[in-house]
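Work through these exercises with the model open beside you. Try each task before you read its solution.

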Amino acid sequence: MATEPWVQAGLSPIKRWKSFGGDQLVFAHDSKATGTRMEFAVYVPPQAAKQPWPVLFYLSGLTCTWENVTTKAGFQHAAAEHGMVIVAPDTSPRGDDVADDSGYDLGKGAGFYLNATQAPWSKHFKMYDYVVQELTELVARAFPVNFARFGITGHSMGGHGALTIAMKNPDRFKSVSAFSPIVAPSQVPWGQKAFQAYLGPDQKTWADYDSCALMASRGWSRDILIDQGDADEFLAQQLRPELFAEACKARRVPLTLRMQAGYDHSYYFISTFMAEHVRWHAERLHAS
């Protein structure tokens, strides 16, 4: 595949591996949304040389970068089989001048896929705009993809991001799934800490980034898939999928919530079911 579209889009290739006939790539670029240098990974399946293909965006969880899912989830085989481009951005802005916190659940690595409004975070932490606007448009310009066939998934904090972004942008994202998502951040310690810092004390502003609140106010016109390990150490205190199941039931949104026996929060869990999620999205995006 010619590199010229990447250059035209302002992308700098920094890594490349051959995988299942396709290319696993990593790019860097100067982000207008975050005001920092950002990196993201893209898997381009072999079929993409013939025609534009659907895209699945994967949003990672706390402390992660693009590298975790790219090296641990094993999605490349399924992506090649089903003709899916997989895009995995970083979880936050990075750089010496980017605000940070001593905790793993705030600051670098913990962008929560929102637009921060409070200092010092508001200068760079615009991960919602980065994913929804900048990254999707960069991918559409630089790769052989079908802009009308975008899906989104993610893990933990990234599952929260996938659900909220999809519900707020149903014209852009046609399918959504998640692994062990934080579905009610306004009601759990991870989300309360992040929202207080990034958005301030007015909890009315929190609802715009809360999956349960968004389901109640906006709903979703398609089905949703969630996989959750029942041995997940964060299940009862931080994740609480039963709240999202109740919200979906109230709006009559078809949710498949699979409680997977014995699985925890790790990539051993994600890699077990990743191929099923890729296939699930492919069935919906290829048919759209």
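**Exercise 1. Count the aromatic pairs, then classify two of them.**

Step 1. Start with the rule. Rings of Phe, Tyr and Trp (its six-membered ring) pair if their centres lie within 6.5 Å; planes under 30 degrees apart count as stacked, over 60 as edge-to-face and the rest as tilted. By this rule the model has 17 aromatic pairs.

Step 2. Take Phe-147 and Phe-150. Their ring centres are 5.0 Å apart and their planes make 65 degrees, an edge-to-face pair.

Step 3. Buried means under 20% relative accessible area, exposed over 50%, and partly exposed in between (1.4 Å probe, protein chains only). Phe-147 has 35% relative accessibility, so it counts as partly exposed. Phe-150 has 0%, so it is buried.

Step 4. Now take Phe-179 and Phe-269. This pair is edge-to-face too, with 6.1 Å between centres and 85 degrees between planes. Phe-179 sits in strand S7 (residues 173-179) and Phe-269 in helix H10 (residues 267-287), so the pair links parts of the chain 90 residues apart. Helices (H or I, at least four residues) and strands (E, at least two) are DSSP runs, numbered from the N terminus. Both Phe-179 and Phe-269 are buried.

Step 5. Look for a cluster. Phe-57, Phe-147, Phe-150 and Phe-173 form one.

A note on the model: it is predicted, so local features need pLDDT of at least 70 and side-chain atom pairs count only at pLDDT 80 or more, while totals for chains, interfaces and linings use all residues. Residues are numbered from 1 along each chain as its sequence is written, and side-chain values use heavy atoms, leaving out hydrogens and water.

**Exercise 2. Over which rings does the charged end of Lys-168 sit?**

Step 1. Apply the test: NZ of Lys or CZ of Arg must be within 6 Å of the ring centre and within 35 degrees of the ring normal.

Step 2. Read off the rings. The charged end of Lys-168 sits over Tyr-128, 4.3 Å from the ring centre. It also sits over Tyr-209, at 4.1 Å.

**Exercise 3. Trace the sheet.**

Step 1. Two strands pair if DSSP finds at least two bridges between them. An open sheet of 9 strands runs S1-S2-S3-S5-S4-S6-S7-S8-S9, with mixed pairing.

Step 2. Find the edges. They are strand S1 (12-19) and strand S9 (255-260), each pairing on one side only.

Step 3. Check one pairing. S7 and S8 are parallel over 4 bridges. Ser-177 has Leu-225 in S8 as its bridge partner.
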